[in-house]
2 protein chains.
Amino acid sequence: MKSACAQQVQSLSSGKEPLPEPCAACAARVLSVCDAIDDCDLDRLAAITSVQDIARHQIFVTEGDPADHLFNVTDGTVKVYKLLPDGRQQITGFLLAGDFLGLSFLERYGCSAEAVTRVRCCRFPRKQFAALLTDFPGIERRLLGIASNELAAAQDQMVLLGRKTARERVSTFLLMLSRRAARSGGTTDPVILPMTRTDIADYLGLTVETVSRTFTQLKKGGFIELREAGIVHLSNLSALEDLSQGF
Amino acid sequence: MKSACAQQVQSLSSGKEPLPEPCAACAARVLSVCDAIDDCDLDRLAAITSVQDIARHQIFVTEGDPADHLFNVTDGTVKVYKLLPDGRQQITGFLLAGDFLGLSFLERYGCSAEAVTRVRCCRFPRKQFAALLTDFPGIERRLLGIASNELAAAQDQMVLLGRKTARERVSTFLLMLSRRAARSGGTTDPVILPMTRTDIADYLGLTVETVSRTFTQLKKGGFIELREAGIVHLSNLSALEDLSQGF
DNA sequence: CGCCATTTTGACTCTAGTCAACTGCCGTGG
DNA sequence: CCACGGCAGTTGACTAGAGTCAAAATGGCG
């Protein structure tokens with residue numbers, strides 16, 4: 001994947017615009033679209049990148065607004081959601097480090113995005129990013145792969161929302177978080193829930209009360225242990241997997 | 001989009017393998033991925049294409065099987081679905097003429113696909129199709145666009161499944177069919193439902209009974225008229241749109 | 001320490017699901 | 001030609017799972 005080239009990436013990117021975390025050293029890179037660019041060309045990407053810190057609860061993308069930027073989350077958790085006119089909310093996904101936001105290459109954003117925790121991300125102007133695609137076809141390939149995965153995840157979520165019971169939904173959710181933490185090298189057993197019960201409910205198509213009751217039920221059933229706020233220990237992985245599939 | 005080139009497309013494609021409908025004349029082409037290839041290069045596509053007729057109720061893609069082929073529906077209706085171990089079914093989408101199947105470029109199919117009506121489609125071996133991508137980067141661009149649209153549709157469906165009432169779901173469904181018929185130049189007012197109530201239920205996350213009751217309710221409310229089997233007239237478009245959004 | 005947001009719990013309601021019966025339609029075969 | 005069987009659709013009666021409303025408990029933070 002890496003070609004032989006002199007790497008003054010550090011100096012190059014700092015010469016242009018002092019990036020707090022140069023792309024070459026970015027922990028999220030291997031997970032994300034940036035990995036499609038060789039080390040020696042990373043300055044091209046760095047040139048159009050601006051690092052953005054987003055405070056908790058800040059809404060930084062609004063459904064229907066012109067889609068001027070794409071984002072790559074490098075730290076924190078983002079919720080992506082849609083609203084119905086009367087305020088009902090459906091969270092379509094949570095983004096963690098390495099996740100890409102703005103795949104829908106349409107004129108306007110299809111969803112809103114809000115920082116669940118403090119978030120750091122790389123922001124690319126859409127036009128300039130699109131221009132990079134011609135020079136680095138690998139990015140396009142990579143985007144297609146990301147889109148594939150998102151589509152598969154969306155289909156799983158449709159099964160969950162359309163056909164699973166509350167207990168199955170919550171189990172599935174906990175397992176998903178556990179697997180994603182494993183993927184990005186995080187702790188897999190005590191699962192960390194950065195989001196509120198309300199957010200979980202809005203993701204699972206339930207109410208806060210039902211989510212809370214289901215957590216209690218899973219706790220009493222010996223499937224999980226609720227530690228400090230936002231920390232869940234999965235006591236019985238395989239039993240939970242059975243639950244999540246309706247066995 | 002078209003470049004100047006001699007077009008013996010007819011003879012070329014028939015010289016290779018007699019396609020019943022040469023790509024150049026395919027009605028579904030403008031809607032689909034094939035449009036990314038110029039007329040004069042269509043033989044490259046035709047060479048790896050085989051036209052396939054599929055009987056009603058035939059399952060021609062099975063979740064978990066090696067993803068050997070990609071498909072482009074040129075006629076008929078396909079349901080794409082996932083199953084839970086106990087048989088619960090969630091239909092993730094219906095494919096009409098022009099729709100592409102097999103976007104998830106993973107090793108195995110993520111969903112099963114069954115012909116709802118008699119279906120005609122073009123089938124491409126995945127490996128050979130992938131090889132075309134390097135020669136025709138336009139295809140990749142096009143696929144990314146298709147993936148974008150599918151993702152947006154999936155997100156809308158998540159809102160429907162997670163947050164809408166039965167009445168809102170059915171209204172949304174009817175409007176979607178109407179819009180899609182309009183897109184592909186079909187009749188937009190008397191909407192045609194090629195699928196059964198059970199299929200509609202499995203798409204909307206409801207039961208047959210609820211779907212049936214909701215149709216009756218919409219009929220009594222003067223929103224729709226149920227004609228012969230599978231034909232619905234939308235009597236009051238704007239009222240239906242309000243319904244579908246929860247107003 | 002005390003406030004406020006979040007979470008949990010309880011009591012009750014209601015939407016959609018379940019089970020069952022009935023209708024209508026179509027194709028098959030006597 | 002019509003009787004039969006089977007499937008799709010509709011309707012009814014009842015149930016259950018999740019939602020609603022309200023209040024108490026918990027916990028983080030100034």
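Modeller: A polar contact here is a pair of N or O atoms within 3.5 Å; within protein, one must be able to donate a hydrogen and the other to accept it, and residues adjacent in sequence count only if both atoms are side-chain atoms. Residues are numbered from 1 along each chain as its sequence is written, while chains are lettered from A and ligands numbered from 1 in the order in which they are written. This is a predicted model, where local features need pLDDT of at least 70, side-chain atom pairs count only at pLDDT 80 or more, and totals for chains, interfaces and linings use all residues; side-chain values use heavy atoms, with hydrogens and water left out.

Colleague: OK, so what is the mean pLDDT of chain A?

Modeller: pLDDT is the predictor's confidence in each residue, from 0 to 100. In chain A, 91% of residues reach 70 or more, and the mean is 89.

Colleague: And over which residues of chain A is the pLDDT below 50?

Modeller: The stretch in question has twelve contacts (heavy atoms within 4.5 Å) beyond near neighbours in sequence in the model. The pLDDT is below 50 there, over residues 6-17.

Colleague: What kind of axis relates the two copies?

Modeller: Two copies of a chain are related by a rotation about an axis and a shift along it. Fitting by least squares on the C-alpha atoms of residues with pLDDT of at least 70 in both, a rotation of 180 degrees with 0.0 Å of shift puts chain A on chain B, with an RMSD of 0.0 Å. The copies are thus related as by a two-fold rotation axis.

Colleague: Which element gives the largest share of the surface near DNA strand C?

Modeller: "Near" asks for a heavy atom of the residue within 4 Å of the strand, and helices (H or I, at least four residues) and strands (E, at least two) are DSSP runs numbered from the N terminus. Among the 15 residues around DNA strand C, R197(A), S212(A), T216(A), T210(B) and R213(B) come nearest. The largest share, four residues, comes from α7(A).

Colleague: Over to DNA strand D: which residue has a polar backbone atom 2.7 Å from a phosphate oxygen?

Modeller: A166(A) uses a backbone N or O atom too, but that one lies 2.8 Å from a phosphate oxygen of DNA strand D. E209(A) has a polar side-chain atom 2.9 Å from a base nitrogen. The 2.7 Å pair belongs to R197(B).

Colleague: Which feature does UniProt place at residues 164-238 of chain A?

Modeller: That span is 55% helix and 13% strand, with its end C-alpha atoms 18 Å apart. UniProt positions use the numbering here, feature names are shortened, and annotations may be inferred rather than shown by experiment. At residues 164-238 an unreviewed entry gives "domain: HTH crp-type".
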